[in-house]
Amino acid sequence: MRNRIRKMMAVALAGVMAAGMMTGCGSSGSASGDAKASSGNDLNIIVWEGTWSEDMFKDFTKETGIDVNISYISNTDELLTKLVNGSVTYDVMDLEGAYVQTFIKNDLLAEIDDDKVPNQSNIIDDYMKEGPVGDEDFKYTVPDMAPNYTTVVYNKKTCPVRIKSLKDLTNPKLKGRVALVDSTISLYGAALQCLGYKADSTNENEIKEANDLLMKIKENTKAFVGETAVPQLEDGEVDAALCWDYPTLCGDSKDNWDKFGYVSLDGGVERWAQYWAITKNSKNKENAQKLINFVLKPEEYAKSLNEYAVPPLEKEDLIKDYLPENYYDSPAMTKMSDDLLGNSWEASVSEEQISIMDDYYTQLKGE
């Protein structure tokens, strides 16, 4: 699900609102087509591909008469490109927690009226105790996904080395057998933490050291993957991947429960979550809040979980009847969090860090 923000985008953020350019274009719907200018009653939303059920949004249209035009992204770079360079105003976005603070600092989000989103009470209480960095009191965001973890996932049967640290991915036995998620903060955050630094470091010497480690891992890397490393892992192309795909693997097949494992890395693993947010210049804030409230209905939220198996955001007693009978038996649903939560870190990227990391990331990718 996540990628880098280019330096030009970080700089552009500050001028987006003044220029009135919080816009975008892309594939859409209620099911398909291109995002279009709002007719006044419809909503333009931008969400992560492979996350949400289109049936959920179609149900909203049936109930309210409000059309939902959907644009899809597979990384944060695409999100900002569409917001800054497009021609259509977006109302609702699916925003990664690491970037919430930057959006708020640049006055790009509208405050959400909690009274208009009462279905927040369906969310597991622990997930409502504190919001993302920069919005700890949930003034601008509403959780749309339970926390997930970026760590090394490996094939128990074929992986030739025991992995405890990110440094183990440099082992020559893994030549051509590693996949890395195409996400700046996930890569550099993991490398920084492995080296004993903080994931949100703005010290260029530390970031350079992290880059040196990643360059060594790159020597063993078969592919950088965007949205998912599942195909590479399931097809046996790689033995290990730094990714967030363990829940998806478990949802694909019960056989994967025993076939793949995850690592509680030395230095910790990245904990991240996604949030609904309303753009500051949305002309349809009331309808936007209606949509956020609607998709938090257990029977609607479950439609996405049935298509894309991830840990539930909502309380088990409310949603379990809408999920497969063995949904909670998967080790990705409860055991993974039990194992990793206490050894996890959460980052909030700054424009300073983005600027430094982007130079090294370009070097890492050979661009």
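Over how many bridges do strand 5 and strand 13 pair, and in the parallel or antiparallel sense?

**View 1. Strand 5 beside strand 13.** In this predicted model, strand 5 (residues 92-96) and strand 13 (residues 274-278) pair in the antiparallel sense over 5 bridges. Pairing requires that DSSP finds at least two bridges between two strands. L95 stands opposite Y275 in strand 13. Strands are DSSP runs of E with at least two residues; helices are runs of H or I with at least four; both are numbered from the N terminus.

**View 2. Helix 2 on the strands.**

View 3. S53 sits in the loop between strand 2 (43-48) and helix 2 (54-64). S53 counts as buried because its relative accessibility is 0%; the cut-off is under 20% relative accessible area, with a 1.4 Å probe and protein chains only. Leaving out residues up to four places away in sequence, S53 touches K303, S304, E307 and Y308. Contact means heavy atoms within 4.5 Å. The side chains of S53 and E307 are joined by a polar contact of 2.8 Å. Such a contact is a pair of N or O atoms within 3.5 Å; within protein, one must be able to donate a hydrogen and the other to accept it, and residues adjacent in sequence count only if both atoms are side-chain atoms.

**Notes.** Residues are numbered from 1 along each chain as its sequence is written, and side-chain values use heavy atoms, without hydrogens and water. In this predicted model, local features need pLDDT of at least 70 and side-chain atom pairs count only at pLDDT 80 or more, whereas totals for chains, interfaces and linings use all residues.

Methods:
Buried means under 20% relative accessible area, exposed over 50%, partly exposed in between (1.4 Å probe, protein chains only).
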